[in-house]
Amino acid sequence: MERELALEFVRVTEAAALAAAPWMGKGDKIAADQAAVDAMRAVFDTVNIKGTVVIGEGEKDEAPMLYIGEEIGCSDSPELDIAVDPVEGTNLVAKGSPNSLSVVAAAKKGCLLKTPVWYMKKIAVGPEANGAIDIEATPTENLKSVAKAKGKNISDITVILLERPRHDEMIKEIRNAGARIKLISDGDVAGGIATALSHTGVDMLMGIGGAPEGVLTAAALKCLGGEIQGKLHIRNEEEAQRAREMGVDDLDQIFTTDDLAKGRDVMFSVTGITNGELLKGVQYHGDDQVETHSIVMRSKTGTVRHIKAHHKISQKPSYFKDE
Ligand code: VTB
Ligand code: MG
Ligand code: MG
């Protein structure tokens with residue numbers, strides 16, 4: 001992938017964030033998502049790639065989405081796999097809660113895992129603890145190993161988890177082990193990326209979240225030098241069947257960062273929608289001035305760019321406006 005594409009992908013996530021942000025706090029997560037999907041699709045259509053959407057993210061929540069298999073971009077090459085989540089955390093936008101993001105990952109064709117089921121058990125860490133996690137081990141064992149790798153006590157480690165009844169046992173064990181916990185209502189992509197950015201104060205992500213979100217997190221962590229391990233969380237025979245049909249012979253397979261996002265050349269762009277510890281959200285300064293905050297990164301070079309942009313909404317196409 002030409003490096004210039006990184007800037008194009010920032011334009012894509014900026015557009016989706018700018019389209020979703022007017023919906024903050026309006027209680028309508030579908031409208032926020034639809035606005036972001038439309039803007040993302042429109043900007044992708046101006047990018048010189050032959051992209052295929054491998055992750056459109058919306059199935060589980062029956063949300064508006066770019067469709068899996070949808071062709072995007074306006075060129076015959078390069079042929080890329082594209083994974084998107086136009087709004088990761090639609091509830092967060094609807095309520096005005098922190099950490100909603102717009103994200104895009106890109107890699108060479110065939111490199112991003114097409115997730116066969118909706119849920120994935122995950123464990124993720126930043127670069128200092130790369131190599132110190134094992135999804136088959138207990139939370140306590142993982143906490144010990146990550147604390148050691150980071151030169152911390154377990155009591156210094158902060159674990160981020162989705163607040164769900166399915167995590168009750170895990171939460172109990174993490175508390176007993178003495179670590180700190182940050183429970184989130186949605187947004188485990190933000191949680192996964194946070195493990196690799198020291199200013200967030202998050203050391204690990206654990207628990208079961210969306211499988212598409214697992215691939216997106218893997219793409220980001222690959223660029224940041226972190227690690228994720230995932231196992232499909234299969235809830236019934238129908239899902240097991242679907243996974244087998246999509247080529248997963250061993251339903252207990254451990255997916256590594258490289259299995260989820262293959263190859264040396266992965267790009268990832270993320271723009272904040274609502275304010276969060278990862279990124280500031282879209283800021284309205286009046287007088288037609290709107291500010292966005294994004295991070296764009298490439299695994300090939302390991303460059304991580306923080307991009308603050310000022311937009312004049314009146315000079316942009318209509319899909320940026322709250323109509
Ligand atoms: C997570 C979270 C998403 O889904 O993946 C979660 O990151 C997992 O599913 O923002 P449940 O909500 O069903 O537990 C979201 O909350 C929504 O896609
Ligand atoms: Mg999502
Ligand atoms: Mg979404």
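Reader: How big is the second largest pocket?
Author: The second largest pocket has a volume of about 150 Å³. A pocket here is an open set of points on a 1 Å grid over the protein atoms alone, with protein on both sides within 12 Å along at least five of seven lines, and lining residues have an atom within 4 Å of a point. Grid points are joined across faces, edges and corners, and the volume is the space filled by probe spheres set on the points.

Reader: Which residues are closest to its centre?
Author: They are P98, N99, K182, I184 and E277, out of the 15 residues that line the second largest pocket. β7 (180-184) and α6 (188-194) are the elements that give two or more residues to that lining. Helices (H or I, at least four residues) and strands (E, at least two) are DSSP runs, numbered from the N terminus.

Reader: Before we go on, what sort of model is this?
Author: This is a predicted model, in which local features need pLDDT of at least 70 and side-chain atom pairs count only at pLDDT 80 or more, while totals for chains, interfaces and linings use all residues. Residues are numbered from 1 along each chain as its sequence is written, chains are lettered from A and ligands numbered from 1 in the order in which they are written, and side-chain values use heavy atoms, with hydrogens and water left out.

Reader: Why does the second largest pocket lie between the two domains?
Author: Domain 1 (5-110 + 265-320) and domain 2 (119-260) both give residues to its lining, so the second largest pocket lies between them. The domain bounds come from an automatic or database domain assignment.

Reader: What classes of residue line it?
Author: The lining of the second largest pocket has eight nonpolar, four polar and three charged residues. Ala, Val, Leu, Ile, Met, Phe, Trp, Tyr, Cys and Pro count as nonpolar, Asp, Glu, Lys and Arg as charged, and the others, Gly among them, as polar.

Reader: And the largest pocket, what is its volume?
Author: About 310 Å³. Its lining has 21 residues, and K60, D61, R164, D186 and E213 are the closest to the centre. Domain 1 and domain 2 each supply at least three residues to the lining of the largest pocket.

Reader: New topic: which residues coordinate the magnesium ion (ligand 2)?
Author: E57 (OE), D85 (OD), E88 (OE) and E213 (OE) do, at 2.1 to 2.3 Å. Donors are N, O and S atoms within 2.8 Å of the metal (3.2 Å for Na, K and Ca), and water is not among the atoms, so sites may look incomplete.

Reader: How far apart are ligand 2 and the magnesium ion (ligand 3)?
Author: The two ions are 3.5 Å apart, and E57 coordinates both. E57 lies in the loop between β1 (50-55) and β2 (71-72), and E213 lies in helix α7 (residues 211-224), so the pair ties together parts that are 156 residues apart in sequence.

Reader: How many cavities of 30 Å³ or more are there?
Author: A search of the whole structure finds two. A cavity is a set of points where a 1.4 Å probe fits but cannot get out. The largest cavity has a volume of about 40 Å³, and β8 gives the most to its lining, with five residues.

Reader: What lines the second largest cavity?
Author: A6, V296, M297, R298, T303 and R305 do. Strand β12 (residues 289-298) gives the largest share of that lining, three residues.
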